[in-house]
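Biologist: Can you walk me through this one? I'd like to start with a contact and then jump around.

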Amino acid sequence: MPIVHKGTVVDNKKVGNYFVLTATAADMPKEFKPGNFVAVAIGDERSSLILRRAFSIYQVNDRGVYGGTVDIVISPHGPGTDYLANLKRNDAINLVGPLGKPFSLPKDPVPCVLVGGGYGAAPLFTLAEALTARGCRVDFILGASTQEKLFGMLEARRISTTLTVTTDDGTSGQMGQVTDALPEVIKKSNAAVIYACGPMKMLEAVANVANMHGIVSQTSVEESMACGIGVCMTCVLPIIGDDGITRMLRSCVDGPAFKGDKVRWDQVGKIPSDTWGAPVEGVN
Amino acid sequence: MKRVPKRTSVDMSIELAKLRLESPVLTASGCAAAGKELDQFIDISTIGAVVTKSVMLEPRSGRATPRMAETPSGMLNGIGLQGPGIDDFIEKDLAWLNQKGAKTIVSIAGNNVEEFGKVADKLRDIPGVIGIEVNISCPNVENRGQVFACDPYAAADVINNVRRNVSASMPLFAKLSPDVTDITEIAKSVVKAGADGLSVINTLLGMVIDTDTLLPRLSGKTGGLSGPAIRPVAVRCVYQIRKALPNIPIIGMGGIRSGRDAVEFFAAGANAVSVGTTVFNDPEACVRVHDEVAQILQDKGLRSLAEIINAAHEELI
Ligand SMILES: Cc1cc2nc3c(=O)[nH]c(=O)nc-3n(C[C@H](O)[C@H](O)[C@H](O)COP(=O)(O)OP(=O)(O)OC[C@H]3O[C@@H](n4cnc5c(N)ncnc54)[C@H](O)[C@@H]3O)c2cc1C
Ligand SMILES: Cc1cc2nc3c(=O)[nH]c(=O)nc-3n(C[C@H](O)[C@H](O)[C@H](O)COP(=O)(O)O)c2cc1C
Ligand code: FES
C-alpha cells in the first residue's frame, strides 16, 4: 500500500546532468518493487504548484541510519524539477509511494536486456538485482543524446554481463541510438525479455525491435500525470487488452510498465477509432 | 494506517437535503474516481460521502492526451468524461463502495436530456446510492454543444427529466457552472424543476497555450480550470445563491485546500463541501480538511459546525 510521507532530504548530489536525491521514506522501501515510482510534492502546503511530480524509484534502503530512504534521479528542466534539484540536506520533502505496477519478472532464469535512455535508466538497477537474484543473465544498454545525460554507467557495468553505451553525438560509447545496438546484444545474450525505460520514441523503437525478434518487451512509459494514484484520468494511453480490445488505460496504476506489443505506439496522444467507448461520429 | 477523522467534542454532522452525514467533507466528482484508490490512504467510509466520477449511459474513452496543464495554483483539465458506462459502474464500482460501507452520491451526465433520464433510471432501486448529482455542466450535443448549465431552460429540462426517473425520496443535486452571467437564475430554475440541492461550482472554462508550439496545450483546446485559483469565484457563487435561496442545501466546492478554506464556504452558505483538485496533492485531504475545520471550530469555542453555516449573511442568522 502506498503512503503519504512527510520526509526530509538526506542528500542531494549532482551526477552529470542529474541530481540524485535521497529522502527519508518510512516504510516505503518495505513495500517497494522494481518499477515503482513516487509522486513528490513541489513546495509546502501553500505552494502554487499543486500537482505532484512523478519519479522512478532508483534505490531504496530500508535499514539505514535514517530508517527507510528512497533515492530518485532528477533531470532539472522545469519549475518542479528545478525546485527539487535545489533542495538541500534536511529540507522537507513530501512523497507518496510506492506507486504503479512493478515490472513483471520472468518465471524462469532467462537472459534479459535492460535498455535505459537518459534518466530512464533509474528504475533498471533494482530490476537488474531482482533478475540476477533469480539467476537471469542481465545485459545493459544505456543511451542518451550526449555523455552528460547518461546515467548509471558504473553501476550498470557492475551488475551486468555486458554494458553497451550509445550517444547520439558519439561523446561516449557507440555513436547512434540504443536500438542500433540492441539487435547485436539480443543475439549475443540470447535474450528472452527486454525491459526499457526512457523517452516514448525510444520505447516504441525498442518494442519494435523486440517484436521483430519475437521476444517479450516491457516498456515503462512516461505520461503526464496530475495525481499519480489513479483518480484523475490524465495519464492514459491506448493499450490492447488480453481480449484484443483497445482501452485508454491509466499509466499510473495500470502501468507505468506495459508489454511493448500491447501499446498502440502510433496512436499515443490520440483515441484510436476502435477504442472501447471511442467517440461515435456525430456524438461527443 | 488509513487516516480517519479525529474524534473531537465538536458536532461535525450535517443535514443535507434529506441526508444526515457524519462529516461535511465529500469528494468532488472526477477527483476521486469511485473511491477505491483513495481508500488506500483514508478510510473512505468515514468521510461525508463519495461523489463519484460523472458516469454516462455508455462506456466512454474520453479525450486524447494531453488532458491537463498545470496553472498558477490550479490546473486545467479536459478529460472528456472517460468512464465505464452506467451498467459496468453499478456492477463493479458501486458494488465495491457498498461493500466498504461508503455513502455514495452518484454523479451522472448525458449527451442530451433523454440520456440523463436513462442513466438516472438505471440507478432506481440500486442500494447504497444516497443521492444523485446531476452534472449539467457538460456540453449538450443537441444544442450546438452549448453547456446545459449555461441555459436556465436546458438545465431545468435535464433536472425535470431526471426527477421523473428517480423515486421522489432520492435527493437530487444539480451541479452548476460558474460561467454564466447570473448563477442565481440557473439555481432558481433547477430548484423549480425538482433539484433538492445544488453543487457549486464546476470548473471554469479556460485555455493554456504552449509558447513553444504556439498551440493550445490540451488536445481539446479548452478545459476546466480548478484548484485554489478559482476559490474566490466559488465562494462568491455560493454566497449569491444562498442569498437568493435561503433554504436550499448547497455542496460548496472550488479550490478548497485547507480547513480554513472550507470555513469560507460554510460561512458563505454551504452545508457541505467537496474537495477536488487538492486530493491530487494530498490523497488524505478529505479527512485532513475535516480535522482542520473541527479544530478551527474548537478554537473558536463553538460546539457544532451548524453554528457557522451562513455566518457571512448577517440577515440570515
Ligand atoms: C512514471 C514516471 C517516472 C518518471 N521518472 C522520472 C525520473 O526518474 N527522473 C526525472 O527527472 N523525471 C522523471 N519523470 C518525469 C517527471 O515527472 C517530469 O519531468 C516532471 O514532472 C516535470 O516537472 P517540471 O515542473 O519540472 O516541468 P513542467 O514540464 O513544467 O511540468 C508541468 C506539469 O506537467 C507534468 N509533466 C511534464 N512533463 C512530464 C513528464 N515527462 N512526465 C510526467 N509528467 C510531466 C508535471 O507533473 C507538471 O504537472 C517521470 C515521469 C513519470 C510519469
Ligand atoms: C481532473 C478533473 C476531473 C473532473 N471531472 C468531473 C466530472 O466528471 N464531473 C463533475 O461534475 N465535475 C468534475 N470535475 C470538477 C470538480 O468536481 C470540481 O467541481 C471542480 O474541480 C472545482 O473543485 P476543486 O477546485 O476542488 O477541484 C473535475 C475536476 C477535475 C480537476
Ligand atoms: S495520474 Fe491521475 S489517474 Fe494517472
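**A polar contact in chain B**

Modeller: Start with N135(B): its side chain makes a polar contact with the side chain of S54(B), at 3.1 Å. Keep in mind that this is a predicted model.

Biologist: Where does N135(B) lie?

Modeller: N135(B) is in strand 8 of chain B.

Biologist: Is N135(B) buried or exposed?

Modeller: Buried. Its relative accessible area is 8%, and the cut-off for buried is under 20%.

Biologist: Ligands next. Which residues are closest to ligand 2?

Modeller: The closest are S29(B), S54(B), K175(B), G255(B) and T277(B), out of 22 residues that surround ligand 2. S54(B) is also the residue whose side chain contacts N135(B).

Biologist: What lies 2.7 Å from an oxygen atom of ligand 2?

Modeller: A backbone N or O atom of S29(B) lies 2.7 Å from an oxygen atom of ligand 2. For K175(B), a polar side-chain atom lies 2.7 Å from an oxygen atom of the ligand. G227(B) brings a polar backbone atom, 2.8 Å from an oxygen atom of ligand 2.

Biologist: How much of ligand 2 does the protein cover?

Modeller: On its own, ligand 2 has 600 Å² of accessible area, and the protein covers 98% of that.

Biologist: And where does ligand 1 lie?

Modeller: Ligand 1 lies between chains A and B. It has 20 residues around it, and A54(A), V73(A), G80(A), T81(A) and E222(A) come nearest.

Biologist: Which polar backbone atoms does ligand 1 have by it?

Modeller: Among them is one of A54(A), 2.7 Å from an oxygen atom of ligand 1. A polar backbone atom of S56(A) is 3.0 Å from a nitrogen atom of the ligand. V73(A) has a polar backbone atom 2.6 Å from a nitrogen atom of ligand 1.

Biologist: How much of ligand 1 does the protein bury?

Modeller: 85% of the 830 Å² that ligand 1 exposes when taken alone.

Biologist: Which elements give two or more residues to the shell around ligand 1?

Modeller: Strand 4 (53-56), strand 6 (67-74) and helix 2 (79-85) of chain A. Strand 4 of chain A gives the largest share, 4 residues.

Biologist: Switching to rings. How many aromatic pairs are there over all chains?

Modeller: There are 8. One of them is Y18(A) with F151(A), an edge-to-face pair at 6.0 Å centre to centre with 75° between the planes.

Biologist: Which parts of the chain does that pair link?

Modeller: Distant parts, 133 residues apart. Y18(A) is in strand 2 (residues 18-24) of chain A, and F151(A) is in the loop between strand 9 (138-144) and helix 4 (153-159). Y18(A) and F151(A) are buried.

Biologist: What about a pair in chain B?

Modeller: F116(B) and F148(B) form an edge-to-face pair, 5.4 Å centre to centre and 90° between the planes. That pair links distant parts of the chain, 32 residues apart: F116(B) is in helix 2 (residues 113-122) of chain B, F148(B) in the loop between strand 8 (129-135) and helix 3 (152-164). F116(B) counts as buried at 0% relative accessibility, and F148(B) counts as buried at 1%.

Biologist: Back to chain A. Which residues form one aromatic cluster?

Modeller: Y18(A), Y58(A), Y119(A), F125(A), F140(A) and F151(A).

Biologist: What lies over the face of W276(A)?

Modeller: R247(A), at 5.9 Å from the ring centre.

Biologist: Last topic, backbone. Which peptide bonds are cis?

Modeller: Among them is the one from G97(A) to P98(A), with omega near -5°. P98(A) is in strand 7 (residues 92-99) of chain A. The bond from G255(A) to P256(A) is cis too, with omega near 10°. P256(A) lies in the loop between strand 15 (246-250) and strand 16 (257-259) of chain A.

Biologist: Which residues other than glycine have a positive phi?

Modeller: They include M233(A), with phi near 70°. M233(A) counts as buried at 16% relative accessibility. In chain B, A17(B) has a positive phi of about 50°. A17(B) is in the loop between strand 1 (14-16) and strand 2 (19-21) of chain B, and is partly exposed at 26% relative accessible area.

Note on methods. Residues numbered from 1 in each chain as written. Chains lettered and ligands numbered in written order. Predicted model: local features only at pLDDT ≥ 70, side-chain atom pairs only at ≥ 80, totals over all residues. Heavy atoms only, no water. Phe/Tyr/Trp six-rings, centres within 6.5 Å; stacked < 30°, edge-to-face > 60°. Buried < 20%, exposed > 50% of the residue type's maximum accessible area, 1.4 Å probe, protein only. Lys NZ or Arg CZ within 6 Å of the ring centre and 35° of its normal. Near = heavy atom within 4 Å. Polar contact = N/O pair within 3.5 Å; in protein donor to acceptor, adjacent residues only side chain to side chain. Areas by Shrake-Rupley, 256 points an atom, 1.4 Å probe, with all protein chains shown as cover.
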